[in-house]
Amino acid sequence: MKLTAGAGALALSFTLAACGGETASEEPEKKAAAKGDGTLTIGQLLPQTGSLAFLGPPEFAGSDLAIQDINAAGGVLGKDVVPVVADSGDTTSAIAPTEADKLIDAKSDVIVGTASSGVSMTVIDKIMSSGTVMFSPANTSTEFDEGDFSKADLYFRTAPSDILQGAVMANLLLEDKRTNVAILARQDAYGETLAEEIKANLEGAGSKVATTAFYSEDATSFDAQINEVAGSGADAVVVVAFEETKKLIPQLIAAGAGPAKLPTYFVDGNLSDYSKDFTKGELKGVKGTLPGAETTGDFKEQLLKVNPKLADYSYAAESYDATIVSALAAGQADSDAGEAIAKEIVDITTGGEKCETYADCVKLIEDGKDIDYDGKSGPIELGETGSPTAASIGIYQYNDKATYAPVKYIAGEV
């Protein structure tokens, strides 16, 4: 893997490792593969409730904006794209399988979702066995590039695997001269994988990991893990968490290991606007990583028109791009059937004439050109597993109001 950034970035050789998590559901009920009905239907299986609910608004907004742009440019196969909305929840609510059935029954050709890697593992077999494309804007677990997922079939994602985020986080810690790091992480497909990637990259560069403390994703108490971190002698802590960050930080503060005492780092699962959750200064100086290019300018303004209440923009660009790529692939295939779309998706993002808007790309396709769509989230460049082979990771820092702003962006290849 290669990382590039602005002046001051460290040049490091990273040791890459993967860790198992939840497994895909067994023996899904087989349904006849959809043949396509001439209308591209996009299901949105994204979090409206649960521990990642804060990611729902930007992800829905990104996909909705893409559908608006697609339909404004003439739609797909001469018809408007039709969205169908569902709630992915989280692994503790276990509503995703039922909601996935709702989308499949609504004749979704592509399902944009889910946000959580663990939730995706509970529905991926169900969705693919129906002949429907599953296109996640936010899954980062390395498991989606391994084993049964090692070849692009009907599963794709616009977010890079945690191989890249783990390396960027380790690089950030080393730049900040953290040499004995504690990791506090949720024990699921996401937390285990990212924690292992961070640890492997730190140790590969000669740094130490004081402790890795895992807590159950449905935990109601974190006392043991908090005490383990506080007593580890660490010079920094990386918190790999979701919404439970609102509980973890006050407990770390009470144990004398909060951000003011122990430099603290967040990741994509908990990089959020906490201005309504923490008092002034409690998160000041906390740094975090988030896959994707910066959401600025016209794109940000367009998202706010879709949802004026947006406070976070995490994975909005990836949701937008997953929807646009799906529509372009349907146009290239001259079919809205999921299996036909899947065969064109990788090619849409690699190797042809560059284009950056749906309208421009469609014109090239109509002219018989091979295209290479570069999106709002970056170059995309999907590889043989259906995952990005090149992406950007942003590094952010919190101010005394518990909101965050970008510091710099790292370009990386996996």
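Reply: The lining of the second largest pocket is made up of 13 nonpolar, five polar and four charged residues. Here Ala, Val, Leu, Ile, Met, Phe, Trp, Tyr, Cys and Pro count as nonpolar, Asp, Glu, Lys and Arg as charged, and the others, Gly among them, as polar. The model is predicted, so local features need pLDDT of at least 70 and side-chain atom pairs count only at pLDDT 80 or more, while totals for chains, interfaces and linings use all residues. Residues are numbered from 1 along each chain as its sequence is written, and side-chain values use heavy atoms, with hydrogens and water left out.

The second largest pocket has about 300 Å³ of space (the space filled by probe spheres set on grid points joined across faces, edges and corners). A pocket is an open set of points on a 1 Å grid over the protein atoms alone, with protein on both sides within 12 Å along at least five of seven lines; lining residues have an atom within 4 Å of a point. In this pocket 22 residues form the lining, and T295, K300, Y313, Y396 and Y404 lie nearest its centre. Two or more lining residues come from each of β11 (287-291), α9 (316-333) and β15 (404-413). Strand β15 gives the largest share, four residues. Helices (H or I, at least four residues) and strands (E, at least two) are DSSP runs numbered from the N terminus. The loop that leads from β14 to β15 holds A402. Phi of A402 is near 70 degrees, a positive value in a residue other than glycine.

The largest pocket has a volume of about 380 Å³. Its lining numbers 19 residues, with F54, S272, D273, A311 and D312 nearest the centre. By class, the lining of the largest pocket holds eight nonpolar, four polar and seven charged residues.

In a cavity a 1.4 Å probe fits but cannot get out. Four cavities reach 30 Å³ or more.

The largest cavity holds about 70 Å³. Around the largest cavity are L52, L55, A115, S116, S117, A138, T140, Y190, F242, D268, G269 and Y315. Seven of the lining residues of the largest cavity are nonpolar, four are polar and one is charged.

The second largest cavity comes to about 50 Å³. Its lining consists of T158, P160, G292, E318, S377, G378, P379, I380, P388, A390, A391 and S392. Strand β14 (residues 390-398) supplies the largest share of that lining, three residues. The classes in the lining of the second largest cavity are six nonpolar, five polar and one charged.

Two further points concern the backbone. The peptide bond from G113 to T114 is cis, with omega near -5 degrees. T114 sits in the loop between β4 (110-113) and α3 (117-129). A94 has a phi near 55 degrees, which is positive in a residue other than glycine. The loop between β3 (82-87) and α2 (96-105) contains A94.

As for confidence, the chain averages a pLDDT of 91, and 92% of the residues score at least 70. pLDDT is the predictor's confidence in each residue, from 0 to 100. Over residues 4-28, pLDDT stays under 50.

Methods. Contact means heavy atoms within 4.5 Å.
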